[in-house]
Amino acid sequence: MTPDPGAPLAILATSVDQGGSWLYELLTKFGVSDGSAKTVTDLIVRPVEVVLVALVAMLIARYGAKLIRRFLRRLADQAAARSGSSRAGARVTTMSGLVANVWRFFVFAIALATILGMLGLNLTPLLASATIIGATLGFGAQQLIRDYFSGFLITVEDQFSVGETIVVGETSGVVEDVSMRVTKVRGSDGTLYFIPNGDIRLLANTSRGWSRASVDLILPAAAAADLDDVRRITEEAAHRVAQRPEFAERITEPRLLVGVVSTDATTMTLRVTLHTVPSLRDPLTRALREEAIADLARAGYLADTTGT
């Protein structure tokens, strides 16, 4: 059960206030005037209690976030043991970061309200004004609200997790961090992109399920006369690649597909495809292209190649 972040702060505020009353009574007993005793109490006790509340809030926020992460990690380990899912760790990393941010927000909000109360500010008019101001700002901060709401839905629906590769619009890369407002994506060239969650409308997750390594080989139109031989050479090259140790255990059915996808007056395009897991798609595509190019070039069929 999650502890109440306001309880320790309330207890601390009450005890410090009692200490201030004790100091005030002690000063008055020694003959210090009421005004002077109150001034001394305010100058000594108030700064001390504000500092103590701030320190306690930081400790609660920090160690509470650690406890939340540890608790969620334990739940994820139990769920992974029951279901055998390998994605539990990535999902709990994403979830724990969001929950820890929410926890810290509430702790510091309660600490701020506590400090304002210690300083003698009446929070009732302030809260009433904050409600009106908040409603006004809400109309002007619709994008911000949409970002937070979208971040919540992304997490609940498990659309992606930290460490997965995604494509958002023209941006693609590995997810490094997910917060309630923004998603950080590291591109293949090392660029770090900050994508507001509200701007994620169409998302492609290339790290789940199966993937396809596909290479288009552009051959002279004359090669169509020897299409069976071209198919055989290409299939043999693809089978050798599929049997390599780094790929053999991760190739999924159907293992191989070779077919003509387009022709014109001078060329024909032959496509060779292997199914695999997403993490091996790019290295498998490169290996498949290199092997097929080498074999077709030796046989004298190759004019040009492009990969997809």
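How many Å should the 19 residues of H8 span at 1.5 Å a residue? The answer is 27 Å, and the end C-alpha atoms of H8 are 27 Å apart, which agrees. The expected span of a helix is 1.5 Å times one less than its number of residues.

Before going on, a word about the model. It is predicted, so local features need pLDDT of at least 70 and side-chain atom pairs count only at pLDDT 80 or more, while totals for chains, interfaces and linings use all residues. Residues are numbered from 1 along each chain as its sequence is written, and side-chain values use heavy atoms, leaving out hydrogens and water.

**The whole chain**

You can find eight helices and nine strands in the chain. These are DSSP runs numbered from the N terminus: helices are H or I with at least four residues, strands E with at least two. Of the 308 residues, 33% count as buried; buried means under 20% relative accessible area, with a 1.4 Å probe and protein chains only.

| Helix | Residues | End-to-end C-alpha distance | Residue just after, with phi |
|---|---|---|---|
| H5 | 142-157 | 22 Å | Asp158, about 55 degrees |

In H5, the buried residues are Asp147, Ser150, Gly151, Ile154 and Thr155. They cover an arc of only 135 degrees around the axis, which puts them on the same side of H5; the arc is that of the directions from the helix axis to the C-beta atoms. An α-helix has 3.6 residues a turn, so residues three or four places apart point the same way. The buried residues of H8 include Leu284, Leu288, Glu291 and Leu296.

**A buried threonine**

Helix H6 (residues 227-242) holds Thr234, which is buried with a relative accessible area of 1%. Beyond its neighbours within four places in sequence, Thr234 is in contact (heavy atoms within 4.5 Å) with Leu217, Val258, Leu270, Val272 and Leu296. Leu296 is also one of the buried residues of H8.

**The largest pocket**

A pocket is an open set of points on a 1 Å grid over the protein atoms alone, where a 1.4 Å probe fits, with protein on both sides within 12 Å along at least five of seven lines; lining residues have an atom within 4 Å of a point. The largest pocket is lined by 20 residues, and Thr165, Thr206, Ser207, Pro278 and Asp282 lie nearest its centre.

Note on methods. Buried means under 20% relative accessible area, exposed over 50%, partly exposed in between (1.4 Å probe, protein chains only).
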